[in-house]
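Hi,

Here is the model I promised to pass on.

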Amino acid sequence: MSPPEHRVMVLYCPGLTAPGREAARLFEQVLTAVTAFCPRVEAVEPGVCAFGARGPARYFGGETELAGRIIAAVAELGVQARAAAGAGAGAGAGAGVGVADGLFAAQLAARAASAASAASAAHTAPTARAASAARAASAAPAVPAASAVRPILVVPPGRTVEFLARQPVSVLADQDLIGPDLVGLLNRLGLRTLGDLAALPAGDVASRFGAAGETAHRLASGLGSRPLAVRPPAEDLSVTQEFDPPEPLAEPVVFAAKALAERMHEGLAARGLTCVRVQVRAISTDGRESRRLWRHDGLLSAAALADRVRWQLDGWRVPATATGTGPADANPAKAGPAEADAGPAEADAGPAKAGPAKADANPAKAGPADADAGPAGPGPVYGPGAGIAVLRLVPDQVVRVTGHQLALWGETVVSDRVARAAMRVQAMLGHEAVLRPVLGGGRDVSEQVNHVPFGEKMQPRLPAGPPWPGRIMGPAPGVVYPFAREVDVTDEAGVTVTVTGRCVLSAAPAWLAAEGGPPLRITGWAGPWPLSERWWDPAAARRRARFQLLTGDGRAWLAAVQDGRWLIEAGYL
Amino acid sequence: MAARPAGHGRLQVSEAPATTSAGTSASSAAPPTPPVLPVPPVLPVPPVLPVPPVLPVLPVSQVPPALPVLPGLRELLPGGGLARGAVVTVAEFGLLALALAAGASAAGAWCGIAGVPEAGVLAAAGLGLDAERTLLVPDPGPAWAQVAASLLDGCELVLLRPPARAPAQVRQRLEATLRRGRGVLLVVGDWPGAQVRLRVLTQGWTGLGDGHGRLRACCAQVMADGRGEAAVPRTRWLWLPAEDGRVTAAEPIDIAAAGFPAARHLRAVSG
């Protein structure tokens with residue numbers, strides 16, 4: 001039983017109730033925004049959060065005032081989210097706030113407020129007690145024009161039962177223990193509103209409808225709302241170092257990163273935690289930001305983490321080469337990928353600055369900065385006056401420390417030397433750029449090799465254990481094209497060879513013509529070997545007939561006919 | 001060295017009493033050597049290289065000079081292996097390049113493969129490559145030279161196909177990195193100044209008929225030339241791979257069977 005003075009405020013965002021990553025991310029932002037008003041918030045379900053209203057309402061000058069501020073904050077967030085994601089429904093679209101005694105009534109009030117504001121701009125909430133007056137207009141400069149009616153419904157203290165009595169019984173349908181069956185039954189029995197239900201004696205309802213009926217009756221009577229299960233706000237375990245004045249050299253930043261990493265490790269260790277990954281964020285004075293996640297698994301020392309920061313700062317310059325090929329072409333005399341680093345990086349910072357004036361400075365610093373072998377590379381990374389302003393280490397996926405042990409057998413130990421090399425390349429090209437092959441099961445040559453980004457768990461997609469009938473026997477092809485190449489296979493008369501559903505060939509293949517190449521004489525062939533896979537799954541089902549073709553130049557090919565098209569999947573070269 | 005054949009002979013005569021006399025004579029003639037047991041003169045080649053996958057970390061001075069290759073490829077390379085610090089080129093990507101990497105990997109080396117998204121890891125694994133000790137960088141992008149240099153820090157062998165023709169400056173910088181480390185750079189394509197250049201001259205697959213059979217083995221003629229020790233071109237016929245999946249030397253009779261009527265002639269020309 002909730003005490004009558006237990007006032008609960010509920011924020012309901014109808015746009016964020018759908019499951020999905022984007023909605024969850026936006027809702028997390030909403031929660032953060034609400035935490036600014038009240039630190040202890042319960043996320044009831046996707047798109048709905050609740051918190052005790054008494055304290056914050058007193059502080060902000062009333063429940064309506066507080067609700068108005070929260071709506072404004074969320075609406076502002078929604079505008080930003082929409083601008084960033086281009087999504088139709090932002091976080092703030094149609095959000096409603098309800099205040100009542102108890103969670104259940106407050107949730108209903110929030111939904112009603114949201115629906116009312118969405119339905120019409122002029123129409124106020126059905127209870128006529130909606131705080132529709134825009135008294136707190138000062139708090140909402142950034143609210144979109146749609147909220148002429150403030151979607152706020154405050155049920156005054158002590159009048160929650162009255163409010164509930166008018167609600168239809170259908171609102172019980174999504175409650176725990178009460179299903180749509182019971183709601184339908186109540187409707188058929190003539191109990192249209194919660195008031196009708198609450199008017200019945202509790203004992204009779206319990207004996208007729210069992211536990212579900214008892215729960216429904218208690219909710220309808222304004223009782224039985226569970227207390228809020230608020231969680232304290234997540235502790236901020238990230239550590240930040242600001243550089244004032246901004247640091248133009250990489251080396252001092254790396255040095256500071258070591259101390260910073262130690263601080264982060266201490267903070268985690270004091271709570272018995274470790275992180276699976278750590279995000280390193282560096283913000284330069286010209287507003288650019290470099291973010292990268294690094295595998296941590298509780299194994300990185302502070303020095304190792306500082307190394308990651310160095311690689312990231314080094315690598316920050318490399319992708320710029322990919323985008324800005326112009327300067328590299330312009331200076332053929334000092335061609336090569338290395339010295340182009342400095343040029344395009346500055347081109348990003350400001351097109352006006354990237355000019356011949358900068359090019360003068362380049363050759364001098366090209367030498368040491370991009371030698372790439374030395375650990376230093378302390379050359380000026382950014383334009384004059386620019387530098388790293390903020391370095392931040394954010395632990396990602398915080399988990400309890402359970403220790404780490406290698407498997408007794410069968411695990412190849414990746415030496416530090418190899419791991420460093422791989423991570424250096426990952427720093428330059430991204431996490432997915434360095435792969436380790438894992439041999440697994442499957443019928444195709446491409447299926448049998450799975451590629452796992454370095455640092456992640458090595459597990460084949462298909463188990464290698466069971467037999468895979470339908471594999472092509474014999475030596476494996478040395479060249480496996482990531483994307484099969486479409487070719488034309490014709491018979492002596494120049495007609496494309498076809499394969500029927502019963503694997504009958506129209507004629508013996510005689511010529512193989514790849515796009516843009518002269519046709520090759522087929523001197524030997526075998527097949528078709530049919531393969532019908534995963535017919536039970538329409539998305540993954542494949543029916544193919546495979547061939548081995550030998551061409552006049554001594555090379556052999558693995559070809560397949562799928563949907564009437566000839567594809568070269570691999571080459572025996 | 002002089003005492004060794006003598007001890008050998010005595011041991012073969014009688015075992016138990018001879019050990020003492022051999023020991024005394026050896027100690028007087030030369031530094032003491034452990035008694036040598038009679039060994040059959042020719043060891044049968046083990047079918048698959050049973051090398052433990054442990055790479056001892058040695059200081060640079062003790063690093064063996066060359067990375068081992070598959071037995072069938074030894075004759076093509078000066079010193080019978082891939083000299084550390086050297087650039088070896090293969091004209092086109094294919095089984096030959098994978099076989100070169102596989103030999104080193106089977107002996108415990110880490111291999112990096114950069115710029116070859118279509119590398120058939122399964123075929124390489126069949127030749128001996130240990131997939132667990134392989135790093136793939138399918139698309140190194142415009143910074144490929146830096147990627148290769150970084151990989152060379154960790155891997156003994158880096159198989160690289162540069163996406164573009166390498167300017168001399170980039171090549172020299174990469175070669176300097178190579179000499180500092182102890183790796184081998186295996187380049188697919190052209191690389192001026194490479195120590196060894198390998199190319200497949202002709203190849204022919206066996207086992208495939210006209211509508212029947214399946215590919216079984218490939219007979220290939222491989223030529224090696226280069227600079228220094230490798231300056232004299234060498235040409236060998238190889239099974240790449242043989243029916244049992246290994247890389248072995250092909251006999252003239254095999255070559256004729258593989259459908260090369262001109263094999264004898266080619267062999268005579270190549271010397």
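A quick definition before the details: two strands pair if DSSP finds at least two bridges between them. Helices (H or I, at least four residues) and strands (E, at least two) are DSSP runs, numbered from the N terminus. This is a predicted model, so to speak of local features I need pLDDT of at least 70, while side-chain atom pairs count only at pLDDT 80 or more, and totals for chains, interfaces and linings use all residues. Residues are numbered from 1 along each chain as its sequence is written, with chains lettered from A and ligands numbered from 1 in the order in which they are written.

Chain A has a closed barrel of six strands, β12-β13-β14-β15-β16-β17, with antiparallel pairing. From one strand to the next the twist averages 45 degrees (axes are lines fitted to C-alpha atoms; angles run from 0 to 180 degrees between N-to-C directions). Strands β12 (residues 479-490) and β17 (residues 565-572) of chain A pair in the antiparallel sense over five bridges, and A:Val479 stands opposite A:Gly571 in β17(A).

Now the interface. Contact here means C-beta atoms, placed from the backbone, within 7 Å. Chain A puts in 51 residues and chain B 55. On the side of chain A that touches chain B, the elements giving two or more residues include β12, β14 (520-533), β15 (542-551) and β17. The largest share of that side, nine residues, comes from α14(A).

As for packing, a residue is buried if 20 or more other C-beta atoms lie within 10 Å of its own, and a nonpolar core is a set of buried Ala, Val, Leu, Ile, Met, Phe, Trp, Tyr and Cys residues joined through C-beta atoms within 7 Å. The largest core has 126 residues, of which B:Ala101, B:Ala148 and B:Leu186 touch the most other members. Helix α3 (residues 95-106) of chain B gives the largest share of this core, ten residues. Beyond four places in sequence, B:Ala148 is in contact with B:Ala114, B:Val158, B:Leu160, B:Leu174 and B:Leu185.

Chain B has eight helices and eleven strands, and 47% of its 271 residues count as buried.

On confidence: pLDDT is the predictor's confidence in each residue, from 0 to 100. Its mean for chain B is 78, with 71% of the residues at 70 or more. Residues 49-53 of chain B are below 50, and residues 262-271 of chain B stay under 50 too. The complex gets an ipTM of 0.74 and a pTM of 0.54 from the predictor.

Cheers

How values were computed: Contact = placed C-beta atoms within 7 Å. Buried ≥ 20, exposed ≤ 12 C-beta atoms within 10 Å, placed from the backbone.
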